[in-house]
Each structure stands twice: as C-alpha cells, then as structure tokens.
Amino acid sequence: MTPIQKITIPQPCRQDWQLMTPVEQGRHCLQCSKTVTDFTLMTNTEILTYFTSHENVCGRFAQDQLGNINNQLDYENTKNNTGWKKWLAAMVFLGSTMFFKASAQSATTAPQIEQGVKNNLFDNGRTIGKVAVHSAVKTSIIIGHVDDEAKRPISGVTVMIPSTDISTLTDAAGDFLLQVPSLAKQLTIAHIGYASQLITINPQSSKSYEVKLRVQPMLLGKVAVVRPSLVKRLYNKCIKKTNPQDI
C-alpha cells in the first residue's frame, strides 16, 4: 500500500456520537449504515498501522489528534527524504574544498577566502544540526478520563502542560488524548465550576490517568439583606448630617 502522507476528514460528520449504537471498534451510524471507528484512545503508531490495512474508513478523533498525527508524518517523510540532500551537500562540500584549496595556492588573499568558506560551512552545518536536534525531541501520547465525585464524565475540561500552549479538551465521554514531551512532569486540569487540579505525570512510564474534579464550594440559598432600623436611618439622615464633628 502507498505510504501515508496525511490523514484528514474533508467533510466532518454532524451525527451525534452518543446516539450511535456501540459496537466492538466504535459505534454504528444508522444514518450512513457504517461503523465509525473510535481512534481517540489509540496511539499515533496504532492509528497508522490500522490505516495500512484498512480503506474507506469512518473515524472519530480527538480535537488535536489529527494535527499531531500529521506532524509526525511530516517529520518522518522529511527524515526519509534527507538522504539524497546529505549526499548532495557532501559533494558540494568536497568540490568547494578542492576549489578553494587550489585558489589558496595562487592568491595572496587566500587565508581570508578560506576563512569565509569555513563560516559558510559552519552555517550550513548549523542548519542541518537544527533538524537533528528537532528529531531528538521525544514525545509521548497520554490518555485520561475526567469525571466528578458522582462518577459522571465531564466534557470540555481543559487539559494542558503548565506554562506551554500544549493543551486539549475532554470529549463528551470525559476522555482526552494529548501528545506531550516525554520529560513533561505535570498536567493542569481545569473547568468552570470545579476546583482546578495539578497532577504529576510520567509519560515515559505511565500513559493513562484518571482524574476526579470536585465542585468548588459555593453558597446557595435565599439572600437575606440586613438594613439599619428606621430610627437609625432617620438619625443618620437628619441629625448626624447636621453635626459633621460626630462623623
């Protein structure tokens, strides 16, 4: 099968997931008579493996999941295409070195030219080095579930790595999937009306997390307004107003 370059959903389905019939791999949509595969709990590798042996698939993805998968594909495709570029860069390097060595033997300004070449080679090497550093950054996929004290799932909960823009939201079932740096240490779980939580994570050893949010303490009941007595209001209005020294 042709290697995968990108995964998209050109025309998102508007059917309600909760109304579909649960089946083994996801849910069955009566509207289009197809099984909608649930990919929200799969890793990128599992999803890509699935598509190497399946076609004409209807699927369900988390909010940022397709972006994460396509970023990985872009990276892998770029890495696979750098072989011929490295070979070309090596040939250019060899040719440039031979040319400037010959020029150094016949020109009095050779040392300055050679220094310029070294600077250019250093810049090229730094550009290639950036790609290598980028490829060395390891990420992990973590999943989790957020519910309340009554074990009811909470949708729309913000799940994020503190002090970064890496975040996602829980779906209608209270589940989330997030691609995080392997060295990430904490997750912030926040939702309006609930006390926020800061939980410790270790993506290298644990991939699944269960979070229980507690409702923020609130005062509920009939409002009682306490007002001054009529005598005190008359005193403040008439007598105390005419005697500023008593204020």
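Predicted model: local features only at pLDDT ≥ 70, side-chain atom pairs only at ≥ 80, totals over all residues.
**Entry: two serines in loops**

I placed Ser-33 in the loop that runs from strand S2 (26–29) to strand S3 (34–38). Its phi is positive, about 55°, although the residue is not a glycine. I set beside this the general rule that most residues other than glycine have a negative phi. I then turned to Ser-163, another non-glycine residue with a positive phi, here about 65°. Ser-163 sits in the loop between strand S6 (158–160) and S7.

**Entry: confidence and the chain as a whole**

I checked the confidence next. The chain has a mean pLDDT of 74, with 66% of its residues at 70 or more. In residues 107–136 the pLDDT falls below 50, and this stretch has seven contacts in the model beyond near neighbours in sequence.

I counted five helices and 11 strands in the chain. Of the 247 residues, 24% are buried. The chain exposes about 17,900 Å², and carbon and sulfur atoms supply 57% of that area. Taking contacts between residues at least 6 apart in sequence, I found that 49% join residues at least 24 apart.

**Entry: strand S8**

I examined Gln-179, which belongs to strand S8 (residues 175–181). Gln-179 counts as buried because its relative accessibility is 18%, and the cut-off for buried is under 20%. What does the side chain of Gln-179 make a polar contact with? I found the side chain of Thr-139 as the partner, at 2.8 Å. Leaving out residues up to four places away in sequence, Gln-179 touches Asn-44, Asn-68, Thr-139, Ser-140, Ile-141 and Ile-166.

Pro-181 is also in strand S8. I recorded Pro-181 as partly exposed, since its relative accessible area is 30%. Beyond neighbours within four places in sequence, Pro-181 is in contact with Lys-138, Thr-139, Ile-166 and Pro-203. Pro-181 and Ser-140 are 41 residues apart in sequence, and I noted a C-alpha to C-alpha distance of 6.2 Å.

**Entry: strand S7**

In strand S7 (residues 167–169) I looked up Thr-168. Thr-168 counts as buried because its relative accessibility is 3%. Setting aside residues up to four places away in sequence, I listed its contacts as Asp-64, Val-157, Thr-158, Val-159, Phe-176, Leu-177 and Leu-178.

**Entry: the start of the chain**

I found Pro-3 in the segment before strand S1 (21–22). Pro-3 is exposed, with a relative accessible area of 66%. Its C-alpha atom is separated by 9.9 Å from that of Phe-51, a residue 48 places away along the chain.

**Entry: the largest pocket**

Which strand gives the most to the lining of the largest pocket? I identified strand S4 (residues 58–60), which contributes three residues. The lining comprises 26 residues, and those nearest the centre of the pocket are Ile-9, Val-57, Cys-58, Gly-59 and Arg-60. I recorded the volume of this largest pocket as about 760 Å³.

Notes:
Residues numbered from 1 in each chain as written. Heavy atoms only, no water. Helix = DSSP H or I, 4+ residues; strand = E, 2+ residues; numbered from the N terminus. Buried < 20%, exposed > 50% of the residue type's maximum accessible area, 1.4 Å probe, protein only. Polar contact = N/O pair within 3.5 Å; in protein donor to acceptor, adjacent residues only side chain to side chain. Contact = heavy atoms within 4.5 Å. pLDDT = per-residue confidence, 0-100. Areas by Shrake-Rupley, 256 points an atom, 1.4 Å probe, with all protein chains shown as cover. 1 Å grid on protein atoms, 1.4 Å probe; cavity = no way out; pocket = protein on both sides within 12 Å on 5 of 7 lines; lining within 4 Å. Points joined across faces, edges and corners; volume = space filled by probe spheres on them.
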